Amino acid sequence: KIKIKNENTSSPPTSSYKDQRRKKNVLQERKRDWINRSLTYYSTVSREAKRRENGQYVPSKIELNQYRSNFITAKKLYFARHKIKRNQPRHAERIYRKLIDDLLKEQEEEGGSCDHAQIAISTLLLALLLQRQDEIKETRATFIRFFRLITMSSSSASSPTTTTGGGSFEFKECTCSAKVLQAFALFEMKQRNVKKAYALIQMAVKLDSELEPVLQ
């Protein structure tokens with residue numbers, strides 16, 4: 001009689017298979033780390049802790065689409081920061097500009113409703129980058145674009161009113177927008193436009209009363 005040896009048909013993993021699994025695990029770990037770093041960075045630049053404290057950011061009231069939008073913005077902003085660190089400011093600039101355009105388009109599609117936080121953060125980072133590149137005209141244009149956005153969308157809001165040379169505007173309290181106007185004021189101060197700088201910082205205080213010591 002011929003004895004048939006019962007063999008296990010499944011072969012043990014080869015070294016190449018183990019290498020592939022190991023590489024996959026490493027990539028997944030890097031991806032998780034990148035996401036965590038992106039969200040941490042976004043939380044910092046968006047001043048999330050302070051916005052929570054002031055009631056401007058309430059996670060329980062945020063819809064899924066807004067969470068998704070915040071997540072995408074976080075990754076793009078962190079990627080731009082990565083490019084700056086690798087001495088690729090032009091690439092970072094393109095990322096910021098494209099992100100702002102996308103956010104503005106998203107705002108238009110949603111009927112103009114926006115708390116300005118994501119646009120404010122992106123604008124501030126772009127303006128600071130342009131200043132470091134000594135691009136004065138582009139820096140001012142970036143600030144003015146945001147200024148027009150908040151004055152247009154806030155003109156019908158029932159919030160504190162402030163007045164500038166062109167008329168009166170009502171602003172919704174927002175820490176992120178206040179930081180942009182503060183940076184705008186500092187920029188104009190460096191350009192020796194003192195009156196304009198003072199008017200801008202007054203607006204910033206309307207948005208964030210904690211900036212009031214700047215006026216003293």
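A: Let's go for α5, which is mostly covered: 14 of its 16 residues are buried (under 20% relative accessible area with a 1.4 Å probe, counting protein chains only; exposed is over 50%, and partly exposed lies in between). This is a predicted model, where local features need pLDDT of at least 70, side-chain atom pairs count only at pLDDT 80 or more, and totals for chains, interfaces and linings use all residues. Residues are numbered from 1 along each chain as its sequence is written, and side-chain values use heavy atoms, with hydrogens and water left out.

From its first C-alpha to its last, α5 reaches 23 Å, close to the 22 Å expected at 1.5 Å a residue (the expected span is 1.5 Å times one less than the number of residues). Just past the end of α5 sits Asp-134, with a positive phi of about 60 degrees.

Now zoom out for a second. The chain has eight helices and two strands (DSSP runs numbered from the N terminus: H or I of at least four residues for helices, E of at least two for strands). Starting at the N terminus, the order is α-α-α-α-α-α-β-β-α-α. Of the 216 residues in the chain, 36% are buried.

Leu-77, in helix α3, is buried at 0% relative accessibility. Leaving aside neighbours within four places in sequence, Leu-77 is in contact with Tyr-41, Tyr-42, Tyr-96, Leu-99, Ile-121, Ser-122 and Leu-125 (contact means heavy atoms within 4.5 Å).

Ser-177 is found in helix α7 and is buried, with a relative accessible area of 2%. Not counting residues up to four places away in sequence, Ser-177 touches His-116, Ala-120, Phe-146, Ile-150 and Leu-207.

There's a pocket here too. A pocket is found on a 1 Å grid over the protein atoms alone, as an open set of points where a 1.4 Å probe fits, with protein on both sides within 12 Å along at least five of seven lines; lining residues have an atom within 4 Å of a point. The second largest pocket has a volume of about 200 Å³, volume being the space filled by probe spheres set on grid points joined across faces, edges and corners. Its lining has 14 residues, and Leu-104, Thr-142, Arg-145, Phe-146 and Leu-149 lie nearest the centre. The largest share, eight residues, comes from α6. By class, the lining has eight nonpolar, two polar and four charged residues (Ala, Val, Leu, Ile, Met, Phe, Trp, Tyr, Cys and Pro are nonpolar, Asp, Glu, Lys and Arg are charged, and the others, Gly among them, are polar).

One last thing: phi again. Most residues other than glycine have a negative phi. Asn-87, in the loop between α3 and α4, has a positive phi near 60 degrees and is exposed at 65% relative accessibility. Arg-192, in the loop between α7 and α8, has a positive phi of about 70 degrees and is exposed at 74%.
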